[in-house]
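Have the sequence and the 3D view open as you read.

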Amino acid sequence: MSVGISLDSICEKTKISRYFLEAIEEGAYERLPGGVFDINYIRQYSEQIGYAPELLLAHYRLNRQRPDAPAVEAQSGRSWWRAFL
C-alpha cells in the first residue's frame, strides 16, 4: 500500500515495528497489538503514506474480527460479564 515510501523509512519516523507496519499493509489486523495501539499505528501509517486516516480506519473497523470476543446483543438485558459464562 505504501506509495514509493519504504517501510524502513516509516518505521524510523514513527517508531512502529516493521512487523506491525506489514500487518497494516496486508490488512492482517489480527497481528496488531489491539486497542488504542491499533488506531494510533494506523493513523501514523496513513499520514506517512499520504492516505486519509479515516478511510484506512474505516477499513480496519469493517475487517477487524476478534474470535475471542463474545458477541453480546444490547437488547439481551444480560450483564456484560454473563456473556463470558
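## One face of α4

The buried residues of α4 pack against α2 and α3. Here contact means heavy atoms within 4.5 Å, buried means under 20% relative accessible area and exposed over 50% (1.4 Å probe, protein chains only), and helices are DSSP runs (H or I, at least four residues) numbered from the N terminus. The buried residues in α4 are Pro53, Leu56, Leu57 and Tyr60. Seen down the helix axis, they fall within an arc of 100 degrees, so they line one face of α4; the arc is that of the directions from the axis to the C-beta atoms. On the face turned away from this buried side, you will find the exposed residues Glu54, Leu55 and Leu62.

## About the model

This is a predicted model: local features need pLDDT of at least 70 and side-chain atom pairs count only at pLDDT 80 or more, while totals for chains, interfaces and linings use all residues. Residues are numbered from 1 along each chain as its sequence is written, and side-chain values use heavy atoms, with hydrogens and water left out.

## The nonpolar core

The largest nonpolar core has 17 residues, and Ile24, Leu32, Ile42 and Tyr45 touch the most other members. Such a core is a set of buried Ala, Val, Leu, Ile, Met, Phe, Trp, Tyr and Cys residues joined through side-chain atoms within 4.5 Å.

Take a look at Leu32: leaving aside residues up to four places away in sequence, Leu32 touches Phe20, Ala23, Ile24, Asp38, Ile42 and Tyr60.

Key
Helices (H or I, at least four residues) and strands (E, at least two) are DSSP runs, numbered from the N terminus.
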